[in-house]
Amino acid sequence: MRGLRGALGVAALASRWVVRQPTWLVQDAVLALAFLVILYAWGGAEAARSVVVAWIVSGVWGAGVNTVGQEVGEARLFGLLDMFVASPVTPRQYLAGVLLASLPLLAPSTLLLVILAAPLGALGLVAPSLAAALLLLPVAVMTGLAIAMAARKPTNIAAYTNPVVTLLILLPPVFYPLAALPAWLRPAALLAPTAAAAELARALAGYHNAYPWTTPLLALLAWNAAALAAAKKLIRWGAG
């Protein structure tokens, strides 16, 4: 309970943007709807279904890398991180709190896609996508935290996190299936953690997957192991 209270306290401080800038919630939902409409106009319901997988995976990746990274960067900039280090809050509680504070940003768009998944015949993609996203989450959080702690100038943290999020969402097979790539290119594409998560979701649902579910699962587990190992070496509570 003490650990939960610590995480919730951090979340309460880090989520003040919900009241101050609630338009971000609307913006995220509008973006999800826009992607859905664009793909539906381009390829019909079959193309639009891929947004269910892609948006859940990319949303979690963005929350871990961008939101966590920028929150930690701002905490370094304004001295809030030193306050948390001096408090009884542990690194795990701090990360959990920052991550909880980012969840409201994902909620409107995810709820919208779940509602629209039924008429699109994509309800079967929701649970596998959430499961794959949960495996991607530790990698995303550790990536965002590592970038924030390694950045020499926390004022420029968005210049690092935004490209990482964008490149690993739009270039790898996240919004499109891995099976659409030539066979020789698929193993290299699967090296991206976001692509591995999207492929795992599709494989679990039996939806245009190129590999059995065990292959992307192993790739994600390897990424999780690498992220934890890197965190122990690069991240120090109170560094920076």
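Student: Which helix holds A29?

Tutor: This is a predicted model. A29 has a relative accessible area of 16%, so A29 is buried. The helix that holds A29 is α3.

Student: Which residues does A29 contact, leaving aside its neighbours within four places in sequence?

Tutor: Contact here means heavy atoms within 4.5 Å. With neighbours within four places in sequence left out, the partners of A29 are P108, S109 and L112.

Student: How far apart are the C-alpha atoms of A29 and T155?

Tutor: Along the chain, A29 and T155 are 126 residues apart.

Student: How many salt bridges does the structure hold, and which residues form the pairing?

Tutor: Side chains of opposite charge can pair when their charged atoms come close. The structure holds one salt bridge. N to O, the distance is 2.4 Å, and the side chains are those of E46 and R49.

Student: Why are E46 and R49 separated by about one helical turn?

Tutor: Both residues sit in helix α3, residues 23-77. E46 and R49 are separated by about one helical turn because they are three residues apart in α3.

Student: Is R49 buried or exposed?

Tutor: The cut-off for buried is under 20% relative accessible area. R49 is at 19%, so R49 counts as buried.

Student: How are α5 and α6 oriented to each other, roughly parallel or roughly antiparallel?

Tutor: Helix α5 spans residues 91-120 and helix α6 spans residues 126-150. Their axes come within 13 Å and cross at roughly 150 degrees. Angles over 145 degrees count as roughly antiparallel. So α5 is, to α6, roughly antiparallel.

Student: What is the handedness of the crossing of α5 and α6, and which residues make the contact?

Tutor: α5 passes α6 in a right-handed crossing. From α5 come L95, L99, V114 and A117. From α6 come V126, L137, V141 and L145. By class, the residues of this contact are eight nonpolar, no polar and no charged.

Student: Now α6 and α9: are they roughly parallel or roughly antiparallel?

Tutor: Helix α9 covers residues 193-205. The axes of α6 and α9 are 8 Å apart, at an angle of about 155 degrees. The crossing is right-handed. The two helices are therefore roughly antiparallel.

Student: How many nonpolar, polar and charged residues are in the contact of α6 with α9?

Tutor: On the α6 side are P128, S129, A132, L135, L136 and V139. On the α9 side are P193, T194, A197, L200, A201, L204 and A205. The count is eleven nonpolar, two polar and no charged.

Student: Which residues does L168 contact, again leaving aside its neighbours within four places in sequence?

Tutor: L168 is found in helix α7, residues 157-170. At 25% relative accessibility, L168 counts as partly exposed. L168 and A189 lie 21 residues apart in sequence and 10 Å apart, C-alpha to C-alpha. Beyond its neighbours within four places, the contacts of L168 are W61, V174, A192 and T194.

Student: What is phi of H208 near?

Tutor: H208 lies in the loop between α9 and α10. With a relative accessible area of 43%, H208 is partly exposed. Phi is positive in this residue other than glycine, near 55 degrees.

Note on methods. Residues are numbered from 1 along each chain as its sequence is written. This is a predicted model: local features need pLDDT of at least 70, side-chain atom pairs count only at pLDDT 80 or more; totals for chains, interfaces and linings use all residues. Side-chain values use heavy atoms; hydrogens and water are left out. Axes are lines fitted to C-alpha atoms, for helices over the stretch in contact, and angles run from 0 to 180 degrees between N-to-C directions. Helices (H or I, at least four residues) and strands (E, at least two) are DSSP runs, numbered from the N terminus. Angles under 35 degrees count as roughly parallel, over 145 as roughly antiparallel, 65 to 115 as roughly perpendicular and the rest as oblique. A crossing is left-handed if the near helix is turned anticlockwise from the far one by less than a right angle, and right-handed if clockwise. Ala, Val, Leu, Ile, Met, Phe, Trp, Tyr, Cys and Pro count as nonpolar, Asp, Glu, Lys and Arg as charged, and the others, Gly among them, as polar. A salt bridge is a side-chain nitrogen of Lys or Arg within 4 Å of a carboxyl oxygen of Asp or Glu. Buried means under 20% relative accessible area, exposed over 50%, partly exposed in between (1.4 Å probe, protein chains only).
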